[in-house]
Amino acid sequence: MRTEVRYFTKNGGTKKLAESIAKAVNAEAKTVDTPLDKYADVVFLGSSVYGGKPAPEVVKFIQANAKNIGKIVVFGSACTGKSTFPAIKSAAAGCAVKTAEMFFQCKGQWLFFNKNRPNDQDCSDAADFARKQIKILGQT
């Protein structure tokens, strides 16, 4: 099963999660500016919440790479409890790309809120989530 990790970040929080996930699934974390050069069975796709939505760059990545994506697994962080999952799932569906039903979300830092988040425990939890998703998706 070929696995890729892509993310968008403005302050580095989603990058920390992406690097933990990539290490857990033996992949390399790359920004959404890096296209998929070939088909990936699973793409872990991360974004924080910006104005209540994922970054537009994440949606553009899905649109530009849809033919090379088997299934998207969403991860991210947010200052609030809001998740990018519904918007990413909708964008993926619009491109005929499937998303896993489970997603990873943790607190993210914004200004003075949730200082130093995602933290080491969040990154460890993201890695555990990724390993479980690979196991589940490998059985389907």
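Tutor: A salt bridge is counted when a side-chain nitrogen of Lys or Arg lies within 4 Å of a carboxyl oxygen of Asp or Glu. Please keep in mind that the model is predicted. A search of the whole structure finds 6 salt bridges, and we begin with one of them, the bridge in which the side chains of Glu4 and Arg2 meet at 2.7 Å, N to O. Residues under 20% relative accessible area are called buried, those over 50% exposed, and those in between partly exposed. Glu4 is therefore buried, because its relative accessibility is 9%. Arg2, at 24%, counts as partly exposed.

Arg2 also takes part in a salt bridge with Asp37, where the closest N and O atoms are 3.4 Å apart. Asp37 belongs to the loop between E2 and E3, whereas Arg2 sits in the segment before strand E1 (3-8), so this pair ties together parts that are 35 residues apart in sequence. Asp37 is exposed, since its relative accessible area is 63%. A network of salt bridges links Arg2, Glu4, Arg6 and Asp37.

Arg6 is one of the residues in contact with Phe61, when neighbours of Phe61 within four places in sequence are left aside. Phe61 is in turn among the residues with the most contacts inside the largest nonpolar core, together with Leu45, Val58, Ile62, Ile69, Ile72 and Ile88. That core has 20 residues. At least two of its residues come from each of strand E3 (40-47), helix H2 (56-65), strand E4 (69-78) and helix H3 (85-94). H3 supplies the largest share, 4 residues. A second, separate core has 19 residues, including Ala18, Phe44, Ala100 and Cys123.

Asp37 has a neighbour that deserves attention as well. Asn68, in the loop between H2 and E4, touches Leu36, Asp37, Lys38, Tyr39 and Ala40, residues up to four places away in sequence not being counted. Asn68 is buried, because its relative accessibility is 11%. Asp37, by contrast, is exposed at 63%.

For comparison, consider a salt bridge within a helix. The side chains of Glu19 and Lys15 meet at 4.0 Å, N to O. These two residues are 4 places apart in helix H1 (residues 13-24), which means that about one helical turn separates them. Glu19 is partly exposed at 42% relative accessibility, and Lys15 is likewise partly exposed at 36%.

Ser48 lies in the loop between E3 and H2, and Thr84 in the loop between E4 and H3. Ser48 is buried, with a relative accessible area of 9%; Thr84 is buried at 2%. Beyond four places in sequence, Ser48 touches Phe8, Thr14, Lys53, Pro54, Ala55, Ser77 and Thr84. Thr84, with its neighbours within four places left aside, is in contact with Ser47, Ser48, Val49, Lys53, Pro54, Val74 and Gln105.

Sequence separation and distance in space may be set side by side here. Ser48 and Ala126 are 78 residues apart in sequence, and their C-alpha atoms are 14 Å apart. Ser48 and Lys89 are 41 residues apart along the chain, with 15 Å between their C-alpha atoms. Lys89 is part of helix H3 and is partly exposed, with a relative accessible area of 31%. Apart from residues up to four places away in sequence, Lys89 touches Thr99 and Glu101.

We may now turn to the surface. Leu111, Phe112 and Phe113 form a nonpolar patch there, with about 410 Å² of accessible area together. Leu111 lies in the loop between strand E6 (104-107) and helix H4 (120-138). Leu111 counts as exposed because its relative accessibility is 54%.

Finally, a word on confidence. The chain has a mean pLDDT of 90, and 96% of its residues reach 70 or more.

Notes. Residues numbered from 1 in each chain as written. Predicted model: local features only at pLDDT ≥ 70, side-chain atom pairs only at ≥ 80, totals over all residues. Heavy atoms only, no water. Core = buried A, V, L, I, M, F, W, Y, C linked by side-chain atoms within 4.5 Å. Buried < 20%, exposed > 50% of the residue type's maximum accessible area, 1.4 Å probe, protein only. Contact = heavy atoms within 4.5 Å. Patch = residues over 30% accessible without salt bridge, like charges linked within 9 Å, V, L, I, M, F, W, Y side chains within 5 Å. Areas by Shrake-Rupley, 256 points an atom, 1.4 Å probe, with all protein chains shown as cover. pLDDT = per-residue confidence, 0-100.
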